[in-house]
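Me: I am new to this structure and would like to know what stands behind the terms used for it. Please show it first.

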Amino acid sequence: MLARRNPESIKRSHRASWKTERAIMKLTAISIIALSLTLAGCDGGGSSTSSTSSAASSATPSGSSPAASTTDPGQNWLGRWNGPEGTYLQLDAMGSGGYYVRIKDLDAERTFKGVGQDGAVHFERDGKQESIKATDGDATGMKWLAGKTKCLTVHAGEGYCRD
């Protein structure tokens, strides 16, 4: 013989089941929203139709490609180049093909001595040889600079552009 349940017990059971279902639905909705926001913040990594050589030529104010000009492009890059969140790269002539490379990152502003050759400005930072090259915003690897055309890149993740 089947045992009969108290009607009040059945109501409590249904209320508890409904509350559990509601909590699960809220958690699912919150999870979906969080996932959507995370994916929206990711860089889509869309393809760029411009080649590196055309990006390099557009980064020189004269419009000539680095191969057509001297092997020291630094004279065309003098001045300030802006990065995200108040960062920048300032390139000043030092004479005899040398440059002062001033870089302001999120921590501090530092100045290095560089030399222009082989289509780049080379300098040493923290015991490591670095090179500044003309690129476009997509080549910097930074979503804040994507789509810009006149940029300088030290390495992927460190780039500066002019508007």
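Reply: One disulfide is found in a search of the whole structure. This is a predicted model, in which local features need pLDDT of at least 70, side-chain atom pairs count only at pLDDT 80 or more, and totals for chains, interfaces and linings use all residues. Residues are numbered from 1 along each chain as its sequence is written, and side-chain values use heavy atoms, with hydrogens and water left out.

Me: What makes C151 and C161 a disulfide?

Reply: A disulfide is a pair of cysteine sulfur atoms within 2.5 Å. The sulfur atoms of C151 and C161 are 1.9 Å apart, so the pair qualifies. The link is right-handed, with 100° about the S-S bond.

Me: Why is C151 called buried?

Reply: Buried means under 20% relative accessible area, exposed over 50%, and partly exposed in between (1.4 Å probe, protein chains only). C151 has 0%, so C151 is buried. C161 has 3% and is therefore buried.

Me: How do you know that D126 is exposed?

Reply: The relative accessible area of D126 is 63%, which is over 50%, so D126 counts as exposed.

Me: What makes the pairing of the D126 and R110 side chains a polar contact?

Reply: A polar contact is a pair of N or O atoms within 3.5 Å; within protein, one must be able to donate a hydrogen and the other to accept it, and residues adjacent in sequence count only if both atoms are side-chain atoms. The contact between the D126 and R110 side chains is at 2.5 Å, so the distance falls within the cut-off.
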